[in-house]
Amino acid sequence: MEEIKLIKGNEAIAEAAIRAGADGYFGYPITPQSEVMEKLMLEEPWKTTGMVVLQAESEVAAINMVYGGGACGKRVLTSSSSPGISLMQECISYMAGSEIPCLIVNVTRGGPGLGTIQPSQADYFQACKGGGHGDYHLLVLAPASVQEMADFVGLGFELAFKYRNPVMILSDGAIGQMMEKVILREQKQRWTQEEINHMSPWAATGKPKNREYNILTSLELDSAVQEKLNIKLQDKYHQMEEAEVRFEEFGCDDAEYLLVAFGLSARICQKTMELGRAKGIKIGLHRPITLFPFPTKQIRMRADQVKGMLVVEMNAGQMVEDVRLAANGKVKVEHYGRFGGIIPSPIEVLTVLENKIIGGK
Amino acid sequence: MNEIINPENLVYQKSTILTEKAFHYCPGCGHSTVHRLVAEVIEEMDIQDKTIAISPVGCSVFAYHYSQVDWIQAAHGRATAVATGVKRLMPDHFVYTYQGDGDLAAIGTGETIHAINRGENITIIFINNGIYGMTGGQMAPTTLPGMKTSTSPYGRDTEIMGNPLKITEIVASLKGAYYITRQSVHNPASVRKCKKAIRKAFENQKLKKGVSLVEVVSNCNSGWKMKPVESNEWMVENMFPFYPMGDIKVPEEK
């Protein structure tokens, strides 16, 4: 049954994973997301739902365990933070290539290198534009609350299996660490082997007499065939762009100026919008929820309406490139970013909007 | 001739697990023989519908072309991590990795040691030919001192290039290792012995007592730039003294 709790974003991932009927979690400790595995180990879901939880020897091993589990048609997830996600990129590329569904939770921190343990949004490019080698995309969900941390676990699994593609929850250290009230959904049953055999006939489940044996691989040396496989992947990403774009808008109907921000930055911009509107400035906020596929059409539509856009990110300007592509020169698009774990304040953002967009040259 | 070809005269036939595809391995290479042995064991144990195999990166990357069991192709060195994920979620299935020495003992050393140390209930088939075959004969972690490869063209100078790694002896010391043996397939007697070891390594999964690893010291006639027979002779003379044949860790019989 549903339950209301006051918990951290990271704990919400753990609780939601068990409730979503996940089969396995494989991870390696890294700040600021270690509570995910800590919570799972406290809950001991192997005693209740039968979910496996295993601490791996590295992020590299963890994601390859996820690869193994996903290849068997199981609902498996891992969580990590920026440097750990960098280590996982090889296998994520393999999973995209061999079309293995899985859920990867990235509670990002500032970089580059070991960077900082404070929150950042500097891994937008890595998450949305591939990250590993080859032409591929993850389906990327950007939560802005603890509730969404929980909700996107179930949604992530659903989308991962719908498209046979890895899904990433791109969160950050603040959302992972902050506590909010969250409604936890009722317990879903884990899939039975019969259900998996029926739903995922491609999976490695042991070859029965009545089907050919399954091969999960990303290798194909015949260029003509490899090109076809790539085209198939690209078709899948186009389908996502048609069917899976998710966003949220506030005060956009009469907006003259638009803030565009995802995740934590969008929470800050909501307050900026209130402050601006109190001063009589008609500000709207567009929050992409799926970062890939990106809400290009909606932003393009808003570009015909508003006088200027300010993209607010905790990075040096990453999503702004996609906003500019969407606006396609129709309207001025500026970026405001803070880095290294610094979170901008709502007033700071309003001042930038007033200077760069409203009063700007 | 035709009267000889009768069912009652049948002494040997290809395993039903093997596909019709011709092996891509160089003639004389041990891989094909080991593939056959694994296929025969799976057939004889009647576990085709319960087997999940992990292929590596290396010459045996295409192992999935030859045996009709469900396959997952792992990134270089990561086969035992993939197998861990599979076995933990499919504990009643027979899970095996098939890996070469570059895969298992160089880039995958960490995954190998930790999967074995955790005592994952998997079987590891480890082909050690002392060289990177697939990429054209470069020095491997197992290349013997003085042995010539394309990246040790004057012979492996251990002062500069380090020493060969006896990974099998290392992992045998780990608690999670249940059955560790070193075999070869260079003559009929060794093939039969190797098959027994592989059978045991698969049977052990039923006991859930840890990893069973069968190292097969094998020739790479192409990489070693020798004729097949010559390479097998060289292997016996040079590889076997460094990598001695036989069981390294066997379960205590009660």
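Predicted model: local features only at pLDDT ≥ 70, side-chain atom pairs only at ≥ 80, totals over all residues.
Reader: How many residues of domain 1 of chain A are in contact with domain 2 of chain A?

Author: A contact requires C-beta atoms, placed from the backbone, within 7 Å of each other. By that criterion, 24 residues of domain 1 of chain A meet 21 residues of domain 2 of chain A. On the domain 1 side, helix H5 (124-128), strand E6 (139-141), strand E7 (166-172) and helix H7 (173-177) of chain A give two or more residues each. Helices (H or I, at least four residues) and strands (E, at least two) are DSSP runs, numbered from the N terminus. H5(A) supplies the largest share of that side, four residues.

Reader: What is the radius of gyration of chain A?

Author: Chain A contains 13 helices and 15 strands. Its radius of gyration is 21 Å, close to the 21 Å that the rule gives for 361 residues, so chain A is as compact as a globular protein of that length. The C-alpha atoms of chain A fill a box of roughly 70 × 50 × 40 Å along the principal axes.

Reader: How many residues does the contact take from chain B and from chain A?

Author: Chain B contributes 29 residues and chain A contributes 33 residues. On the chain B side, strand E1 (51-55), strand E2 (70-73), helix H2 (79-89) and helix H4 (109-118) each supply at least two residues. H2(B) gives the largest share of that side, eight residues.

Reader: Is H2(B) mostly covered or uncovered?

Author: Burial is a neighbour count: with C-beta atoms placed from the backbone, a residue is buried if 20 or more others lie within 10 Å of its own, exposed if 12 or fewer, and partly exposed in between. H2(B) is mostly covered, with eleven of its eleven residues buried. Among them are Val82(B), Lys87(B) and Arg88(B). Ser150(B), in the loop between strand E6 (138-139) and helix H5 (158-161) of chain B, counts as partly exposed because it has 14 C-beta neighbours inside 10 Å.

Reader: In which sense do strand E9 of chain A and E2(B) pair?

Author: Two strands pair if DSSP finds at least two bridges between them. Strand E9 (residues 215-216) of chain A and E2(B) are parallel and share two bridges. Trp71(B) is the bridge partner of Ile215(A).

Reader: What order has the open sheet of eight strands?

Author: The order is E9(A)-E2(B)-E1(B)-E3(B)-E4(B)-E8(B)-E7(B)-E9(B), with mixed pairing. E9 of chain A and strand E9 (246-249) of chain B are the edge strands, each pairing on one side only. Within the sheet, strand E7 (residues 177-184) and strand E8 (residues 211-217) of chain B run parallel, joined by seven bridges. Tyr179(B) stands opposite Ser212(B) in E8(B).

Note on methods
Residues numbered from 1 in each chain as written. Chains lettered and ligands numbered in written order. Contact = placed C-beta atoms within 7 Å. Rg over C-alpha atoms; globule rule 2.2 N^0.38 Å.
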